[in-house]
Amino acid sequence: MSTPLNIIFSWFEKGDIPTEYQFKETFSSFRHLDEKIRMDEVMGLNEAFQKTLPATTFTNHLEDESAHISVLAKRNASNLTAANVNEWKEKLKIKFAATIDEGEETGNVYTKEQIGEFVNRFQAKDDELLERIAKIDGMLASNDVNLDELQEITDYIKENRAQIELLKETVIGSNSDDKINLVKMYSNWGAVTHQNQFNDLVYDKIKKIEDAASTEKMKHEERVRGDSRIKHDLDTLSFVIDAYDTVTLFTIPLKVRRIDANTIEVLFDSLPPNIIQITIKKI
């Protein structure tokens, strides 16, 4: 049993002479450093322990990967969303960091192997281009006596481009043979002033001569302006057909459909600018 402090203090007032008993009671009222304090003697300690968790619960909490998953990132970052990842990148200032292909993930930069393939392709194209340039240089250096130097021909075309364009339009452009005036007069053939009129007259005369000289019809000729149905007296479905522009003399592609043994239909890809000569030869 300890002695209250106010009594102990009264034993040691000025002029007092403490007795052996008083000294003993005084020191017995305090704990010596070598004397251990029991847990049940600490006021409120038991109540405080009642509010704590068992050690196993704390350990399990530390080892639980899903603890605080809504606010803390896992060590393997498996619970981070795409938005979380972008926020981390933004905060760490690595948003535009370069990545390469790995596993099923596609990076945003090329690997050294891919870059090497690109360089090899460019090198191959560069070698091919250099080879073609060398060939062109050889052509430009040519001095064929019949064709003259290619460079001189190129220079001539550049200098006379305007005249060439006018000539091209006159021959194969929008101008047709009904706009070409004859240089000479053919008064004995009638009122012939344009090339198409002259062509028609010559064609009719030649056709009459052929008809008179041939006892059996082997071919049929006719001139058309576009898609046409042509009647002939060859009595066959087996024939070859030729078509050419009477002004440019270029062969014209067309489609042919056999209606019967004496009728065909010719179709052009586009409206011809000039009269087309059609020749059907019986096979």
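Guide: Helices here are DSSP runs of H or I with at least four residues, and strands are runs of E with at least two, numbered from the N terminus. The model is a predicted one, and its secondary structure comes to 9 helices and 6 strands.

Visitor: What makes the place of A77 a loop?

Guide: A77 lies between α4 (55–63) and α5 (82–92), in the loop that joins these helices. Its phi is near 60 degrees, a positive value in a residue other than glycine.

Visitor: Why is A77 called partly exposed?

Guide: The term covers relative accessible areas between the buried limit, under 20%, and the exposed limit, over 50%. A77 has a relative accessible area of 35%, so it is partly exposed.

Visitor: D235 also has a positive phi in a residue other than glycine; is it buried or exposed?

Guide: Phi of D235 is near 50 degrees, and the residue sits in the loop between β2 and β3. Because exposed means over 50%, D235, at 54% relative accessibility, counts as exposed.

Visitor: Which residues make up the largest nonpolar core?

Guide: This core has 11 residues in all, among them V224, I230, L234, F239, I264 and I280. Membership requires buried residues of the nonpolar kinds, joined through side-chain atoms within 4.5 Å. The elements that give two or more residues to this core are β3 (239–245), β5 (263–268) and β6 (276–282). For the protein as a whole, buried residues make up 16% of the 283 residues.

Visitor: What does I280 touch, leaving aside residues up to four places away in sequence?

Guide: Contact means heavy atoms within 4.5 Å, and by that criterion I280 touches M218, K219, H220, I230, H232, L234, F239, V240, I241 and I264.

Visitor: What makes β2 and β4 edge strands in their sheet?

Guide: The open sheet has 3 strands in the order β2-β5-β4, with antiparallel pairing. Both β2 (228–231) and β4 (254–260) pair on one side only, and they are accordingly its edge strands. Neighbouring strands of this sheet are turned by 25 degrees against each other on average, direction ignored.

Note on methods. Residues are numbered from 1 along each chain as its sequence is written. This is a predicted model: local features need pLDDT of at least 70, side-chain atom pairs count only at pLDDT 80 or more; totals for chains, interfaces and linings use all residues. Side-chain values use heavy atoms; hydrogens and water are left out. Buried means under 20% relative accessible area, exposed over 50%, partly exposed in between (1.4 Å probe, protein chains only). Two strands pair if DSSP finds at least two bridges between them. Axes are lines fitted to C-alpha atoms, for helices over the stretch in contact, and angles run from 0 to 180 degrees between N-to-C directions.
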